[in-house]
Amino acid sequence: MTIRGASLIAGAYEHPGRELPDRTLPQIHFDVAAGALADAGLDWSDVDAYYSAGDAPGFGNLSMADYLGLDLTDVAATETGGSSYLVHIQHAAAAIAAGQVKVALITLAGNPRSGGAAPGGSARAGGAPEAGFENQFGMSVPGGYALAAARHMYEFGTTSEQLAEVKVAASIHASHNPHAFLQDQVTVEEVLASPVISDPLHRLDCCVITDGGGALVMVAPEVAADLDRHCIPVLGTGTAVKHTVNGRIDLTHTGASRSGPLAFAEAGLTPSDIDYVSIYDSFTITVVITLEDLGFCDKGAGGRFVAEGNLRADGGRLPFNTDGGGLCNNHPANRGGMTKVIEAVRQLRGEANPAVQVADCELALAHGTGGSLATRMGSSTVIMGRSL
Amino acid sequence: MSLPNPSPRPSSENQRFWDATTENRLELPRCRSCGLVIWYPREICPDCHGTDIEWFEASGQGTVYSCTTTRRMPGRWGGAAPFVLAYVELDEGPRLMTNIVDCDPDEIAIGDRVEAVFHPTEDGPALVRFRPAG
């Protein structure tokens, strides 16, 4: 059995808010679910499956199903951090292909900006078997990614100027997005002049912290056939967990080196077929390593690849994160996977902001990374098409 | 400014490791079935899944695999900045997360040789950190 083309994304919605002090977390889940269902032209009563991750409060799926009034015959909770929502797509695609689900709802919501969560803070490690061997040394989230960046620079000669170009491209794209948290274009020099957080990462190498969220509605082909909305077929998915491998961690690779080939194989495609990519950009280094691992350039050549301007919508060979990404637009709940998929859907529908719409966008890839490049991560890749 | 010394909470699987660090020794678990030096300490082998584990005293010598000087961070670690976060590859094989201390943060680099030092914690076993060798 293949999931290629067996399910479609019928609804996609990104919350326009970036600071939502007057909305509860369940309310934000409601807002984005309602938005995605309206986008699809479906009703709450059509939903028979619901998928959520660690950002769903209380008892996760059960609390949210109760709160939202959902009548469900399938649920799944995945916790791979910011990539969870792409893993959900893989699971929903399989359940739909198996005939067990007709309409699946996936939501993400968070309010770290107004909720006062410390940047990069996490309490999840309590009780983890590794906790005493990692939590005692002051590893912030930027600090962990800085370890990966430093090693990449050491092995491959990657430079801070090259990393900065990732932010520059994202900022150009964000300047066309009226909802983006940061809308000002920045230069390489401005990135390098911003304060160093953890060598070699500067403040402008880091993503934003925002409230908000997003939701997707995935449907079976027979449901899609009755909708007026342009539905986006899911062509391939791949998921992989990469961890410290018993003290043999390799900081220069991510789980994308496995999830990517799985997704391409299922889709019957290669990297050169892809017109647009959404790459999880928790930090600029995340993009560089992920592009290498997905096969868009050779291992170690990611810095040069981005420095050539390839990521820019205006003339680049591989336009990326045309909403401005996590670096500029939005990073709700400190989890960037959902918005990656939503912008890919916009591109395939031809509904991206006009200045950054990729001409004749037929095939798009979205990639999520959750956890930390410095320790353990869940990587998930989804390839979608404008049509089957 | 000296680094925070948060106390780890030992479990029955890693108590021996922490008992040793508190006596200024680095002991590591090794799988008797396949010989793997196990990191982080646990009483299973993640390679061969054996459960016959022995402990041995490691050299405390290693090489910096990666390092970063954290200059801004919330909380008490921010108050101790700049400080060096690192992965050190032990001569016995594993790469472990740690701090490099007793050094100029701007001088420490990947590939540098380092040796273990033991820092008492607030109310628990000692932490393993590293300083430039020699």
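**Strands, helices and the chain contact**

Tutor: Start in chain B, with E3(B) and strand E4 (residues 83–90), which pair in the antiparallel sense over eight bridges. This is a predicted model, so read every value as computed from it. Within that pairing, Thr69(B) stands opposite Val84(B) in E4(B). E3(B) also pairs with strand E6 (residues 113–119) of chain B. That pairing is antiparallel too, over three bridges. Here Thr63(B) faces Arg113(B) in E6(B) as its opposite residue. Strands of a sheet pair through backbone hydrogen bonds, either parallel or antiparallel. How much of strand E3 of chain B is buried? E3(B) spans residues 61–70, and eight of its 10 residues are buried, so the strand is mostly covered.

Now move to chain A. Its open sheet has nine strands, in the order E3-E2-E4-E7-E1-E8-E11-E10-E9, and the pairing is mixed. Strand E3 (74–77) and strand E9 (276–279) of chain A are the edges, each pairing on one side only. From one strand to the next, the twist averages 20 degrees. Look inside the sheet at strand E8 (residues 232–242) and strand E11 (residues 377–385) of chain A. They run antiparallel and are joined by eight bridges. One bridge links Val241(A) to its partner Gly378(A) in E11(A).

Two helices of chain A lie against these strands. H11(A) packs on the sheet and touches E9, strand E10 (363–371) and E11 of chain A. The direction of H11(A) makes about 120 degrees with that of E10(A). Helix H2 (residues 61–68) of chain A lies across strand E2 (49–52) and E3 of chain A. H2(A) runs at about 125 degrees to E2(A).

On the H6(A) side, the contact residues are Tyr145(A), Ala148(A), Ala149(A) and His152(A). They meet Ile285(A), Thr286(A) and Ile289(A) in H11(A). By class, this contact has five nonpolar, two polar and no charged residues.

Finish in a loop of chain A. Asp43(A) is found between helix H1 (25–40) and E2 of chain A. Is Asp43(A) buried or exposed? Asp43(A) counts as exposed, because it has 10 C-beta neighbours inside 10 Å, and 12 or fewer is the cut-off for exposed. Asp43(A) and His173(A) are 130 residues apart in sequence. In space they are 33 Å apart, C-alpha to C-alpha.

Key
Residues numbered from 1 in each chain as written. Chains lettered and ligands numbered in written order. Predicted model: local features only at pLDDT ≥ 70, side-chain atom pairs only at ≥ 80, totals over all residues. Contact = placed C-beta atoms within 7 Å. Helix = DSSP H or I, 4+ residues; strand = E, 2+ residues; numbered from the N terminus. Nonpolar A, V, L, I, M, F, W, Y, C, P; charged D, E, K, R; others polar. Buried ≥ 20, exposed ≤ 12 C-beta atoms within 10 Å, placed from the backbone. Pairing = 2+ DSSP bridges. Axes fitted to C-alpha atoms, helices over the stretch in contact; angles between N-to-C directions.
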